[in-house]
Amino acid sequence: MALDFLTHNSIIYVLIAWVIVFAIAKASKLDKHGFEIKPYSLTYKNQNVQLALTRILNKTQRATRIFSNTSVVLGFVMMGAAFWYLASNLSNFFVKPESFSEMTVLIPGVTIQSSANIIYFLLSVPIVLVIHEGAHGIVATLEKIKIKTGGFAVFIALFAGFVEPDEEEFSKAKKISRLRVIGAGATSNVLFSFIIAGLLIFNPSFALVMPDPIKGMFYHDPLGVPIISVTDGSGAQKAGLQKDDIITSIDGNKISLPQDFAKVKLKPGDTTTVSVLRYGKALQIPVVVTASKDDPTKGMLGILRAALPSYQPVVPYYIHWSPEVFMFLLWMWMLSFFIGIFNMLPLPILDGGKFIHTIIEKKISEKALKGAMMSLYGVTFVLFGLNIALSAVKSGFITI
């Protein structure tokens with residue numbers, strides 16, 4: 001009930017914010033400055049984009065040509081990666097539930113409810129979209145395809161960027177040229193995400209979002225589990241345990257992951273030895289176990305532990321970003337990477353759909369082409385939809 005109420009309120013706040021934006025746009029007469037204002041959208045188009053793209057291309061022509069050829073290859077790779085992830089994740093739900101990764105669609109005020117996360121999202125999205133659409137435009141210019149307009153659109157709580165090529169020139173261009181243009185957007189996002197990852201790599205916090213198969217290349221095994229807070233008056237406080245201490249063992253039971261605490265049996269009144277790392281120094285601290293408030297027969301240390309372990313980077317030298325800058329970069333990394341990968345899924349509104357259509361068109365009849373594309377769209381939609389639906393089944397309405 002509380003969750004439903006929170007979601008309902010968030011939607012109302014988003015709608016109120018949109019009404020304010022719409023009213024300001026109308027009152028400011030933005031429609032006279034290249035904006036198209038509708039009750040459900042705000043679109044900006046600029047017809048001078050071609051000039052800016054040409055200037056950039058003149059300075060980067062050789063690099064752009066290499067990039068455009070690479071984008072065709074990476075287009076196939078990203079499409080395969082997206083399909084593999086959705087299919088394997090779906091299989092995990094039934095075969096290996098503990099490995100199933102929950103998914104959600106990012107919508108400010110609905111699935112993104114934290115005010116801080118909404119701000120990070122709103123700051124990151126324009127940068128990611130400019131990179132994506134700019135890559136489409138620069139490669140189109142390289143391929144001698146005219147860009148009519150470029151801009152962005154806001155659909156209440158959803159954002160989109162676009163470059164609009166001349167449809168006639170695009171349709172008459174060589175197939176390889178069209179594939180280069182289509183693949184450029186997603187490729188630019190993924191490459192940009194690698195640059196961001198380079199700024200965050202070896203930071204212990206980044207290990208928490210890094211995939212397990214490659215985590216071992218950059219981080220040692222978890223040191224232990226950090227303490228988030230210490231309860232006033234508890235045995236932990238009296239013994240001198242502190243926030244940010246990393247618990248490595250309790251009475252000889254090794255603590256590497258949060259689930260390792262289940263191996264420890266604490267009895268009220270007993271004294272247990274807690275081994276911690278404090279600023280890199282190993283300490284052994286005797287703690288008198290106190291009774292749990294919920295169940296007096298069970299003992300507790302009197303700490304709130306982190307939900308995730310603490311990792312030690314292989315290379316201990318990394319940029320110590322402030323928490324705010326780190327989160328902003330993390331949001332840019334996340335949006336760039338996943339927008340790039342999933343944008344290559346073959347769906348009508350995504351680049352992946354145009355990519356596949358360009359490859360198989362003129363090789364089969366128009367009727368067969370339409371049937372093949374609809375079948376592919378259906379399979380992709382079912383895969384994606386089931387991942388979202390089963391995530392809700394496992395964890396409920398997912399918000400961040």
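Analyst: Helices in this text are DSSP runs (H or I) of at least four residues, numbered from the N terminus. The model is predicted.

User: Where does Lys362 lie?
Analyst: Phi of Lys362 is near 70°, a positive value in a residue other than glycine. Most residues other than glycine have a negative phi. As for its place in the chain, Lys362 lies in the loop between helix H9 (351-360) and helix H10 (366-395).

User: Which residues does Asp244 touch, not counting residues up to four places away in sequence?
Analyst: Asp244 has a positive phi too, near 80°. The residue is found in the loop between helix H7 (235-239) and strand E6 (246-250). Leaving out residues up to four places away in sequence, Asp244 touches Ile227 and Leu277.

User: How far apart in space are Asp244 and Thr399, C-alpha to C-alpha?
Analyst: In sequence, 155 residues separate Asp244 and Thr399. In space, their C-alpha to C-alpha separation is 27 Å.

User: What separates the centres of domain 1 and domain 2, taken over C-alpha atoms?
Analyst: The domain assignment of the protein chain gives domain 1 as 46-203 + 322-395 and domain 2 as 220-313. Taken over C-alpha atoms, their centres are separated by 44 Å.

User: Are helices H2 and H5 roughly parallel or roughly perpendicular to each other?
Analyst: The axes of H2 (residues 49-95) and H5 (residues 175-200) come within 7 Å and cross at roughly 75°. Angles of 65 to 115 degrees count as roughly perpendicular. H2 and H5 are therefore roughly perpendicular.

User: How many nonpolar residues does the contact of H2 with H5 have?
Analyst: From H2, the residues in contact include Phe67, Val72, Leu74 and Met78. They meet H5 residues, among them Ile176, Leu179, Arg180 and Leu191. By class, the contact of H2 with H5 has one charged and six polar residues, and its nonpolar residues number ten.

User: Which element gives the most to the lining of the second largest pocket?
Analyst: The second largest pocket has a volume of about 820 Å³. Strand E8 (271-278) and helix H8 (323-342) each supply at least two residues of its lining. With three residues, the element that gives the most is H8.

User: Which domains each give at least three residues to the lining of the second largest pocket?
Analyst: The second largest pocket is lined by 26 residues, and those nearest its centre are Pro204, Ser205, Pro226, Ile246 and Ser310. By class, the lining has 16 nonpolar, six polar and four charged residues. At least three residues of the lining come from each of domain 1 and domain 2.

Key: Residues numbered from 1 in each chain as written. Predicted model: local features only at pLDDT ≥ 70, side-chain atom pairs only at ≥ 80, totals over all residues. Heavy atoms only, no water. 1 Å grid on protein atoms, 1.4 Å probe; cavity = no way out; pocket = protein on both sides within 12 Å on 5 of 7 lines; lining within 4 Å. Points joined across faces, edges and corners; volume = space filled by probe spheres on them. Nonpolar A, V, L, I, M, F, W, Y, C, P; charged D, E, K, R; others polar. Domains from an automatic or database assignment. Axes fitted to C-alpha atoms, helices over the stretch in contact; angles between N-to-C directions. Parallel < 35°, antiparallel > 145°, perpendicular 65-115°, else oblique. Contact = heavy atoms within 4.5 Å.
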